[in-house]
Amino acid sequence: LAACSGTGAGDGNAKAGTLVGTGTGSSCTISGEVPVAAAFSLTGAAAQYGAGQKNAVELAVENLNKAGGVKYKLTVEDDQTDPKQGIQLFEQFVQDGSSVIIGPTLSNTAMQTDPVAQEGKTPVLGVSNTAEGITALGDYIFRDSLTEGAVIPQTIKAAVAAHTLKNVVLMYSNDDAFTTSGYQAMKAALDADGVKILDTVKFSKTDTDFHALLDQVKNAKPDAIVVSALLDAAVPLVTQARELGITVPIVGGNGFNSPALIKGAGAAAEGVIVGAAWNSASENPQNQQFLKDYQAKFNAAPDQFAAQAYAGMQVIDDAVRIGCSGEREAIKTNLSKVKDLPTVLGDMSIDSNRDAVQTALVQVIKDGKFTILK
Ligand code: 1QQ
């Protein structure tokens, strides 16, 4: 084995009973298994996002465990789309010695769970949290998911350019951390681009009947509707908008980034514009391999949330190998050192705010598929 040439916890020889190994990078060898815990929404309102996340981390661990030198022991639990359940899981993960926590699925849950991990000095990597302020919860909190603030401005610019938008109506559910943050990013981007907001329409994430609100939207005669919503509201909203004869473009935030929108809204989803961290057709060889592996293991195609979850394990593995340590403090220190890591999402870095740095793109739904608009 190569002698450890790095700095930090990986220096020197392995101590018995610890997850500190020898070597760095591909030569890192750690004797014990590194325990990784994930909390995803496998039931409840966000289950359509969580299922693929679980699959993807399982696949990633399976592949990473073949690389040699470092082995991960993965536990995935269901937060039930309920912050209270999420808090219980995080308390359990902190107590049971998990080296790092992945998740939870929703920012709305993360706002309540991440302080538990921060308090318990256990690093967290969010893989789908896009609301402002998540990583500001503490120095143990990281994410590989681009924020609404990072993605929405280029999404709005691309929509404005494609459809010469001058006047829009903004719609959002005001009882969720992610949708509220998305709304703020949308408003700021529209203001910056000189697009007039004719009306701002609020609803609840549990609403499914949008007819009255959409009548109001239709009467305002906007050039587009800009929507910050999760799937359970997004599907009926988009469907009913088309039923009511609203034909203008609909622009969504990260909540729209799911094949479940296309499946649920059918033809009504055509033309929907959404910013994204990943396009399935990316020729990145890692992505091509990921598509193949995922299809073979789960007999289904992955979505953006699955790709981000897979990349999350790649980011954790890089951090572990940088310090050749699976200890909490080392992972916390070394997550910040992940730079230009080739992943299924493309090259990924973690910045000094513990947020993801990665190229975003803008998609439009065409013929039942997410295609690249810009
Ligand atoms: C958040 C999101 C959701 C769409 C993740 C599934 O972006 O809650 O932050």
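Where is the place of N334, in terms of helices? N334 sits in helix α11, which covers residues 328–335; helices here are DSSP runs of H or I with at least four residues, strands are E runs of at least two, and both are numbered from the N terminus.

Hi everyone, a quick word on the model before we go on. This is a predicted model, where local features need pLDDT of at least 70 and side-chain atom pairs count only at pLDDT 80 or more, while totals for chains, interfaces and linings use all residues. Residues are numbered from 1 along each chain as its sequence is written, and side-chain values use heavy atoms, with hydrogens and water left out.

Back to N334, then. Its relative accessible area is 5%, so N334 is buried (buried is under 20%, exposed over 50%, partly exposed in between, with a 1.4 Å probe and protein chains only). Leaving aside residues up to four places away in sequence, N334 touches A319, I322 and G323, where contact means heavy atoms within 4.5 Å.

Now let's zoom out to the domains. The domain assignment gives domain 1 as 25–146 + 282–357 and domain 2 as 148–276; such bounds come from an automatic or database assignment. Their C-alpha centres lie 29 Å apart, and 15 residues of domain 1 are in contact with 19 residues of domain 2.

So what about the ligand? Both domains give residues to the shell around the ligand, so the ligand lies between them. There are 13 residues surrounding the ligand, and the closest are S107, S128, T130, F178 and N254; a residue counts as near if one of its heavy atoms lies within 4 Å. The shell divides into 6 nonpolar, 7 polar and no charged residues. In that scheme Ala, Val, Leu, Ile, Met, Phe, Trp, Tyr, Cys and Pro are nonpolar, Asp, Glu, Lys and Arg are charged, and the others, Gly among them, are polar.

Let's look at the polar contacts, meaning pairs of N or O atoms within 3.5 Å. A side-chain N or O atom of S107 is 2.4 Å from a ligand oxygen. For N254, a polar side-chain atom lies 2.9 Å from an oxygen atom of the ligand. The protein covers 100% of the 280 Å² of accessible area that the ligand has on its own, by the Shrake-Rupley method with a 1.4 Å probe.

One last stop: G346, in strand β12, residues 346–350. With 19% relative accessibility, G346 counts as buried. Thanks, everyone!

Technical notes:
Polar contact = N/O pair within 3.5 Å; in protein donor to acceptor, adjacent residues only side chain to side chain.
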